[in-house]
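Please study the sequence and the model first, and then follow the points in order.

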Amino acid sequence: MNYRPRGRAMGLDLDDGVFNLLMNLPPDNELFNFHLRPFLARLLGMRCGRGCEIRKGVYFEGHRRIVLGDNVCLNRQSYFDASAGITIGDNVKFGPQVLLMAGSHEIGDSRMRLGKVLSQEIHIGDGCWICARVTVTAGVTIGAGSVVSAGSIVQRSMPPHFLIGGNPARAVSALEKSP
């Protein structure tokens, strides 16, 4: 995936707050979800492939460090923290209220348990389905063709072509690989 961000080259160096405001002003309908929001995302610096759908109510932190492949659907009320980067492959679909958190913290000493910021990139492989209310934490790779069941919390990398579920999530059963 070599999608070149255009926003900075055009002199539009917007912070995430303005980016999120512009992305979420238009109504939630087919015209805006399939055409205007992806166009705005590209224009303002996000790398976004062809055929993407970005629903209203999706929020981004570090939008310039997000790469969306072709035919990706980002669903309502989702949050993407790309402090270290998020790469999403082709044909990936997200349910509503998904949380991808590339940033975390070390555990500090007893005076203050919230320690130094840690960030690690998140990778979602081609053809994945990330169901509603899934949380994916920093440093996780979800293998191509996997399904992450609703409400799962994925804290470690998962193999390709598996049904993944639970808290903490685990690879539950293998899925058939397409020919």
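1. The model is predicted: local features need pLDDT of at least 70, side-chain atom pairs count only at pLDDT 80 or more, and totals for chains, interfaces and linings use all residues. Residues are numbered from 1 along each chain as its sequence is written, and side-chain values use heavy atoms, with hydrogens and water left out.

2. The chain has 2 helices and 19 strands; these are DSSP runs, numbered from the N terminus (helices: H or I, at least four residues; strands: E, at least two).

3. Of the 179 residues in the chain, 42% are buried. Buried means under 20% relative accessible area, exposed over 50%, and partly exposed in between (1.4 Å probe, protein chains only).

4. Leu 22 belongs to helix α1 (residues 16–24). Its relative accessibility is 31%, so Leu 22 counts as partly exposed.

5. The structure holds 0 disulfides, a disulfide being a pair of cysteine sulfur atoms within 2.5 Å. Cys 128 is in no disulfide, and the nearest cysteine sulfur, that of Cys 131, is 11 Å away. Both cysteines are buried: Cys 128 has a relative accessible area of 1%, and Cys 131 has 12%.
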